[in-house]
4 protein chains.
Amino acid sequence: MDSTPGRTGLWLVGARGSVGTTTALGALAVAAGVAPATGLVTELPEFPGDGLPRWDDLVIGGHDVVPTPLPKKAEALAEAGVVPRTLVTALATELAGLDGRIRQVDEDVFHGPQAPVAERIAVDLGEFAERHGCARVVVINVSSTESPFRPGPEHRDPESLERALRGPRPVLPRSSLYAYAALRAGCPFVDFTPGAGVRLPALARLAERAGLPWAGSDGKTGETLLRSALAPMFTARALHVRSWAGVNLLGGGDGATLADQAAASSKVASKERSLDGALGYRVDAPLHIDHVPALGEWKTAWDHVRFDGFLGTAMTLQVTWQGCDSALAAPLVLDLARLVARAHEAGERGPLRALAFFFKDPVDCAEHGLAAQYDALLAWARRLRDPAC
Amino acid sequence: MDSTPGRTGLWLVGARGSVGTTTALGALAVAAGVAPATGLVTELPEFPGDGLPRWDDLVIGGHDVVPTPLPKKAEALAEAGVVPRTLVTALATELAGLDGRIRQVDEDVFHGPQAPVAERIAVDLGEFAERHGCARVVVINVSSTESPFRPGPEHRDPESLERALRGPRPVLPRSSLYAYAALRAGCPFVDFTPGAGVRLPALARLAERAGLPWAGSDGKTGETLLRSALAPMFTARALHVRSWAGVNLLGGGDGATLADQAAASSKVASKERSLDGALGYRVDAPLHIDHVPALGEWKTAWDHVRFDGFLGTAMTLQVTWQGCDSALAAPLVLDLARLVARAHEAGERGPLRALAFFFKDPVDCAEHGLAAQYDALLAWARRLRDPAC
Amino acid sequence: MDSTPGRTGLWLVGARGSVGTTTALGALAVAAGVAPATGLVTELPEFPGDGLPRWDDLVIGGHDVVPTPLPKKAEALAEAGVVPRTLVTALATELAGLDGRIRQVDEDVFHGPQAPVAERIAVDLGEFAERHGCARVVVINVSSTESPFRPGPEHRDPESLERALRGPRPVLPRSSLYAYAALRAGCPFVDFTPGAGVRLPALARLAERAGLPWAGSDGKTGETLLRSALAPMFTARALHVRSWAGVNLLGGGDGATLADQAAASSKVASKERSLDGALGYRVDAPLHIDHVPALGEWKTAWDHVRFDGFLGTAMTLQVTWQGCDSALAAPLVLDLARLVARAHEAGERGPLRALAFFFKDPVDCAEHGLAAQYDALLAWARRLRDPAC
Amino acid sequence: MDSTPGRTGLWLVGARGSVGTTTALGALAVAAGVAPATGLVTELPEFPGDGLPRWDDLVIGGHDVVPTPLPKKAEALAEAGVVPRTLVTALATELAGLDGRIRQVDEDVFHGPQAPVAERIAVDLGEFAERHGCARVVVINVSSTESPFRPGPEHRDPESLERALRGPRPVLPRSSLYAYAALRAGCPFVDFTPGAGVRLPALARLAERAGLPWAGSDGKTGETLLRSALAPMFTARALHVRSWAGVNLLGGGDGATLADQAAASSKVASKERSLDGALGYRVDAPLHIDHVPALGEWKTAWDHVRFDGFLGTAMTLQVTWQGCDSALAAPLVLDLARLVARAHEAGERGPLRALAFFFKDPVDCAEHGLAAQYDALLAWARRLRDPAC
């Protein structure tokens, strides 16, 4: 048992999925010095990263409903070309050790009374922190996209929520149930999925009361990342976008979940919000998400932009993005863990708007341009490091 | 003859080309209130544009080696779908009037002794300013791309240059000859082509002595615009670009000129400088420029980016840009005319680094990210408007 | 009034739409010798076209629910870059004359009892043939895509159909109502839309009895054309297609109609049939059709094919097609008019399977490869010309 | 030592390259029944393949200048995602055995007198045939692309060639030297590269005299394959192609060789011949080949086609092909080995025009359409099987 004071815990909801596994393997590899810092924003030379948790002070645990152990999942990801086989082999022991810190949760518990489930999660978080001597534990939801959720009166304030939770029926979507348990356990929460998370008013209020920072939602890893880089080009050049159509072909994992139309419309809505925000006006933007199992761990997005130039001349831009979701998401999860832990240490509370750079649907943030979001992130990180600046 | 004090002249070198004609037609249309401000950066709501020349105070003239009058060229551009026929018809009289302010220059004059040519140009500029009551005239080179130029000892300082110019042989490439004449006539100069322009040391020194501002070079209207929007996305996300290949298919006009291999390599060099600058490291970046007459006034650029994500996972981005060069360039020419005129009025001198936003190969500028360039432009424009800010 | 014996009539249902207008203008231009034969298959040097109606023997008329006269519609198409303005101007008189042969039909008539409507259409066809001395009139439906239609017992045989038609309620979708009227008037019928047309058993039987040839359905003008050229490449090379995703962005006209989900699914079904047919196995093929008004008369289709090579190596093909539907459809309509007229003259009856080359969803045809369809077309045309071959 | 009568030898020139290794591994896997027939044309259900050599009667050997043994190269290909690791592991012993049949050749021998080299190669072929009881050995050149070769008077007829070969200096490019040795040893020869091979008049004459069949050249594995499928679509539809631009980004292997400009122009020439042949007219077709090491074993081709529809309407098609050269080439090499062996057995001699389907630059073949080439291949294979048909 290790108990170095000052360790930072990262608790992954969905720890055995593709994103969770890549995050875990990557954290081990970076800590061991056997992988470069590619994809890690907090490791950029220009990033004001002093004071962030060190890689070898980061200890990862989590929950999952899936029993497949990390080493086996990592093998599968290596077979699919997502992670290098050499890393999986070299870090086999460490991966198995990390897997021992993941607790399997039965799918059924989410469909009955939720108060005991939240209690159970909070206890797990507490034990994890204590066992590993973590000064704090950041909980990050990297599980599959959940169906869109329509809040009711019981989600308006903490009291109504507590009352409803004592009833026999499920009250919260899974992302919010984990958020609730995290807040109860005094842990900052980050929603990396498009779920409701802390965004329900009752939970946002709870976070405020508990003095906890939180962030979300929906990690920006592909088409929306591109859009947030490209849309400001059109606005800064006064080029008028007339339509911006898109199609996303997703392989396994999230693809399967999103084949469920309702879930897809949740993601679609967050993408559209982002586009309108970035352009500053509503634009005709048909968007489709298809599950294409043959793509495996990969996704392809095609965007078609029809815009007007001077005197109304019609022009087009097309973009095809072929990416691996896990390899794009995992380093952001690690960046978020470090930044949110540091924010917690520094006493920040409530939604961390400066983290908009990482999200498709950033909470309370009007800025959808990527470069501006990056500048805001750097400025915030500088202030975290040196409050006078 | 009109002589309102406070008018601003815009003298286009290559006034009867596609860019020149679209610029002229557009300026007339915007001044007449019959075209929207699409593409005009200085007309954006957020742009601090107070104090810039008003559209109806802008008077356009120029030089060209081509005899085809503007109305006829504008007809051809309407036929090609570059500008709306309705505008060409509605502004036929004004176009013909503007054409009367364009002087045809014989191609041959550039190949003999250049001192008299410069003298002739300077006289033309002076007469134009006087006749139209222009407080100042901004000279902008929108002619075809010229062959790469290798400076010699005679281009090192003003004295050597003056001496060489008195000789019988041509000393300066055309862009620099016009720049020299403009400086002699007290006019700010902008090189919208990849030419040498004021960048020869002798001319930069002359501009300094004359207290004149200048800007350049090579208007950023397509592939490089995209690259300057996309490259910062890769750097801010710590994604490692391994290769960035590109091909440009250009129709008429510049396409024909660039078919000349030497000229193409001039443009290619400026594009590569831009990419390396934006990424911060050298990248494998094969680039081709082809003349494809069947594309007419249009150009298509395809870029293929191969980048590494976390743990080295290979991903790709492809971009296809289908644009009309003239419709992209013309509003920038008008923006530059207004901004450089205002800078001149405000007493700015030397290279205007804040205009990097407009150029593929901005003079003396280390910042190649589009959003950062835009921020710098806005900050500069705010200071022009209100020196205290 | 002209009455040359041997003239061939072409009656367009939807004559004032984009396809109808381009067909009419093109026929006039080709007859007048002022347009090249681009797009006309029956004019290819290798095509055995002897015996087909001559261009100046073709007389066009039609129906439409829209009042906008042809010359005005042609102007709009010229503005949109679909047809050359010079042709519209040169053939203004001829276009106006042709418009005089189009009868406007009230939209309402289709929603009440249909027997009298069919009667009215048959009378119009007869009068048209007589007035212009047409030996035969080919009726081609180029109107908008109609909603998918589910046949009932009354569509099983001619007798049931006749009985139902005498009732007060509409019995046939519009494409089939026109087909019925055409057959009644002794005219061959071609459905260029994805409608039911003659494919209802009752109508197919009627055509058989009347000894009339017919063809359809859904003109192959874009994505499906490409697919029928590319799919045989994969099969001939034994490359295994794992997924073939597609998205269609359609501007005006058909785009607006297809925005209606039901109508879209009709088109989608015919595309999928075609793909499975061409590959010889079912493939994961998500397909979307979006209406993007900003595209005007243009459409863009993007296809993404994921296929396996030797030993299962994953590869991809992407295709982007940017076409103008009317310019692709119109010459096929003219080819079909000539070929079906000739088939009628030669005594062919029933579905013309050899015309599969022209259709997305060819009637009774197992061959979906484009080259094989072309070979079959040529062989059939040779037999039409010379029955001994 | 095995000596079953009726075995067929396949001798690969460049046996340890990516194509050679994938061919060898694939042949072993297919013979062992552990890989599907994906990519093998001769295994298609419709292919008249009776009488072709059976997979377990095929014995592979070869030459290479490279010492890396096959198992190690196969490991590298598995790491690169070209072949499945499971196959490499399962067939490790067999691969090592096959590697024992590859003779390493010193690079230097090709730069001195060539008669003894040819003699040596012929002896190797004879010994290989005898040792493995091969009724015949097909020699296939799968080595790197060689520089374009300009034939001289010594390549005009066999006698001049023999005389020149006795001199001290190299006379033949490597592909032709191997072809010469193969013919001398009584072996059919196939050039899978764009080299001169048997196409020099002296060698074609030698093959004729020896009664040997041969085939080539330049395996059609990517962009040209696509072009031969797409070009007939344009011609059959009478759509006029105005330009067809292309760029090829090639990773390792051939990419490195082709970076050598001369070698690239050899490949470029064969691609252009193919395009003009398929369209039937010359078209503006700029083409580039770039070596992009970051692509590894993969290649990406982008084609941009600008074509005219009816009345001259401008449209475009873009295609992006992302393939793995070895996985595309290897099954064709195996198909060719079987087909050429069978042709030899059946007494065919001279260039096998019916194999045009497999080549970018098919010898003596006017047919460049893929479907027509496939039909011709099937017809020929049927005749091989049953001469009466």
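1. Chain B and chain D of this predicted model each bring 22 residues to their contact, where contact means heavy atoms within 4.5 Å. Residues are numbered from 1 along each chain as its sequence is written, and chains are lettered from A in the order in which they are written. Local features need pLDDT of at least 70, side-chain atom pairs count only at pLDDT 80 or more, and totals for chains, interfaces and linings use all residues; side-chain values use heavy atoms, without hydrogens and water.

2. The two chains bury about 1,800 Å² between them, 62% of it on carbon and sulfur atoms. Buried area is the accessible area (1.4 Å probe) that two parts lose on being put together, summed over both. In chain B, the residues losing the most area to chain D are B:His288, B:Ala294 and B:Trp302, together 27% of what that side buries.

3. Between chain B and chain D, the rule finds zero salt bridges (a side-chain nitrogen of Lys or Arg within 4 Å of a carboxyl oxygen of Asp or Glu).

4. On the side of chain B that touches chain D, two or more residues each come from β7 (240-250), β8 (287-291), β9 (298-308) and β10 (314-324) of chain B. Strands here are DSSP runs (E, at least two residues), and helices are runs of H or I, at least four residues, numbered from the N terminus. The largest share, five residues, is from β7(B).

5. Elsewhere, helix α4 (residues 92-99) of chain A has A:Leu95, A:Leu98 and A:Asp99 as its buried residues (under 20% relative accessible area, 1.4 Å probe, protein chains only). They lie on the same side of α4(A) because they cover an arc of only 105° around the axis, taken from the directions from the helix axis to the C-beta atoms.

Methods:
Buried means under 20% relative accessible area, exposed over 50%, partly exposed in between (1.4 Å probe, protein chains only).
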